[in-house]
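This report walks through the model from its helix packing to its ligand surroundings and a few individual residues. The sequence and the structure come first, and the description follows.

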Amino acid sequence: MTKMINLTINNIPVTVPEGTTILQAAKTAHIEIPTLCYLKDINCIGACRVCVVEIVGRRGLFASCVYPVEEGMQVLTNTPTVRSSRRTTIELILSTHHKKCLSCVRNNHCELQSLAYDYAVDEDRFVDEEPIYKIDDLSPYVVRDNNKCIQCLRCVSACNKVQTVGAIGQIRRGFNVHVGSPFEISLNETSCVGCGQCIVACPVGALYEKSNIDQVWDAIADPKKKVVFFTAPSIAATLGECFDLPVGTNVEGKMVQAMKMLGDVEVFNMNVTADLTIMEEATELLHRLQEDKPLPMFTSCCPAWIKFCEHNYPELLPNLSTCKSPQGMFGALLKSYYCEKHNIDPKDLFVVSVIPCTAKKFEVTREELAPNNIPDVDVALTTRELSRMIKHAGIAFRDLPGREFDNPFDIATGAGAIFGATGGVMEAALRTAAHLIDGTNEALEFKDVRGTVGIKEAAYTIGGTEVSVCVASGLGNARKVIDMIQSGEKNYLFVEVMACPGGCVNGGGQPVQSDSVRNYTELKANRAAVLYNADKDGELRCSHDSPVIKMLYDEYFEAPGKEKAHHLLHTTYTPRKKL
Ligand code: SF4
Ligand code: SF4
Ligand code: SF4
């Protein structure tokens, strides 16, 4: 049984399990101690000294994020010494910080800015020479501005500890120490997979996505262009947060209405190509099982996972499903089927995807997704960028009525919706694989693969065959799963990997939530609940039941895996250098 510890915090009695930190214990007494470098499950190093407290009978100040409670301890979180120390710490951080709040991407939701305001700091008390770092904006997805870096190392932990990529770290010594890539090369030249987990971990404006907003406005204003948007499954579950709606609010109708108000545009539902992915992927899995092809089969809808394999596990490329991601499939569908049907030159169709991630900004630049040098998707916008466009357009998002997606890519199934959460692709594929084998729709819920745990395993009997499956989210967890497979410890037939912990609902392009939210709420689970509720409440729950999918195969692709489908909806992968 866990031993319980009794202590007081600001004279309030508290009882918590042994091993609890002072920071966590304070929360149970409704006391929030400010933090900066601490981020639950990611960075716990006690380095920034913003969370310091006093302990009666002990000299000095103690970092509450790493200091465990002890029996009889008396903690004080709000003394003159504590307040003065925190203020000085923030003033010192600001002494070398490029204070350009008005034009900063994090203005009004910056953790440093909030602390500076809360503690009434004098931003010029310690004036030092500001470092001049070159901004790294060479990659098509992430910009690094070290001039705003506060060395909290949250991004470094996200990249090294959670993702095990190691594209960034602390380099140099003494006053010259800073966060950078090996040999100070651009992120673009490293093994960075573009997941953007460093961005959502960053408390300030030192990391952000490469913006493509201006290209979209230009295309909307261009009379020669027809502009179409499509939105990924998780966007409706998170966009509301950019407009101060509670985490876990489904804003699908408002989102479509707002996008229609951006200009003369079509707004389609990417859940349609999530369904299409399932048709192709479930068929591919059955073929691999029947034809003695490489197993286990790994999912391929996460472009950061694909790039991770290309850099780190080239021997696994034959095991990756050849299916394009839902973004890749939608782009190909629009520049072929849709253009043919509406007699549009593919060069004049400007395709904008709205996606939860920065890795998909890289994906749209892949040569494989640009036949004849015409990209299937012209621009990929993050959830955050879409919210900025809506704000630029002066749209009162919260007051909008709901509206449906545009025909013909409007109706999708619950299977497509749950793609946005870890385990969702696996569950959706199993529903359709079961149907393809025995023709029934009885297998609808595969609950063992749900939830935000990093590695989930299950075994199901489908049509008499036992199918052992595994779901990993976060690339560190993917690495563990690969190690177990390659050592022979585990033997799966089908493995889902999503690079972001929790899946796309927690993607690197999603709304940035501050540490005060991330440290104390189940952000991933609350966002995922929107998708599982949409699935549960929807009329259609299996991709093969979608009328849009039936129409696409009847009119155009003939059947999953047939020649045209293979040509347009499948792709290839390339081994890459590791650096
Ligand atoms: S990072 Fe924060 S404090 Fe620094 S310029 Fe941006 S908004 Fe201001
Ligand atoms: S985008 Fe991902 S892989 Fe690249 S530096 Fe950031 S955390 Fe690391
Ligand atoms: S898990 Fe989703 S959001 Fe994260 S990199 Fe992969 S596709 Fe993008």
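## Helix packing

For the crossing of two helices, an axis is a line fitted to the C-alpha atoms over the stretch in contact, and the angle is taken between N-to-C directions on a scale from 0 to 180 degrees. In this predicted model, the axes of helix α9 (residues 271-291) and helix α11 (residues 326-342) come within 8 Å and cross at roughly 105°. The two helices are therefore roughly perpendicular, since angles of 65 to 115 degrees fall in that class.

On the α9 side the contact involves Thr273, Ala274, Leu276 and Thr277, which meet Pro326, Met329, Phe330 and Leu333 of α11. Sorted by class, the residues of this contact comprise six nonpolar and two polar ones, with no charged residue.

## Overall form

The protein holds 20 helices and 17 strands. Its radius of gyration is 25 Å, which agrees with the value near 25 Å that a compact globule of 579 residues would have. Along the principal axes, the C-alpha atoms fill a box of roughly 75 × 60 × 50 Å.

Of the 579 residues, 49% are buried. Among contacts with a separation of 6 or more, 73% are between residues 24 or more positions apart.

## Surroundings of the ligands

Around ligand 1 there are 13 residues, of which Cys101, Cys104, Cys110, Val204 and Gly205 come nearest; the shell divides into five nonpolar, four polar and four charged residues. Ligand 2 has 15 residues around it, with Cys159, Val165, Cys192, Cys195 and Cys198 coming nearest, and the elements that give two or more residues to this shell are α4 (154-162) and α5 (197-201). The class division for ligand 2 is 11 nonpolar, four polar and no charged residues.

## A buried loop residue and an exposed one

Thr358 lies in the loop between β13 (349-355) and α12 (359-363), and it counts as buried because 32 C-beta neighbours lie inside 10 Å, where 20 or more are required. Leaving aside neighbours within four places in sequence, the contacts of Thr358 include Tyr141, Val142, Glu209, Thr382 and Gly508, and also Cys195, a residue that is itself among those nearest to ligand 2. The C-alpha atom of Thr358 is separated by 33 Å from that of Glu129, 229 residues apart along the chain.

Ser487, in the loop between α16 (475-486) and β17 (494-498), is by contrast exposed, with 8 other C-beta atoms within 10 Å. Its C-alpha atom and that of Phe557, 70 residues apart along the chain, are separated by 40 Å.

## Backbone details

A cis peptide bond with omega of about 0° joins Leu295 and Pro296, and Pro296 sits in the loop between α9 and β12 (297-298). The bond from Asn407 to Pro408 is also cis, with omega near 10°, and Pro408 belongs to the loop between α13 (383-392) and α14 (414-417).

Positive phi values occur in residues other than glycine as well: Asn11 has phi near 70° and His30 about 60°. Asn11 is in the loop between β1 (4-9) and β2 (12-17) and is exposed, with 9 other C-beta atoms within 10 Å, while His30 is in the loop between α1 (22-28) and β3 (52-55) and is exposed with 8 such atoms.

Methods:
Residues numbered from 1 in each chain as written. Chains lettered and ligands numbered in written order. Predicted model: local features only at pLDDT ≥ 70, side-chain atom pairs only at ≥ 80, totals over all residues. Helix = DSSP H or I, 4+ residues; strand = E, 2+ residues; numbered from the N terminus. Parallel < 35°, antiparallel > 145°, perpendicular 65-115°, else oblique. Contact = placed C-beta atoms within 7 Å. Nonpolar A, V, L, I, M, F, W, Y, C, P; charged D, E, K, R; others polar. Rg over C-alpha atoms; globule rule 2.2 N^0.38 Å. Buried ≥ 20, exposed ≤ 12 C-beta atoms within 10 Å, placed from the backbone. Near = placed C-beta within 6 Å.
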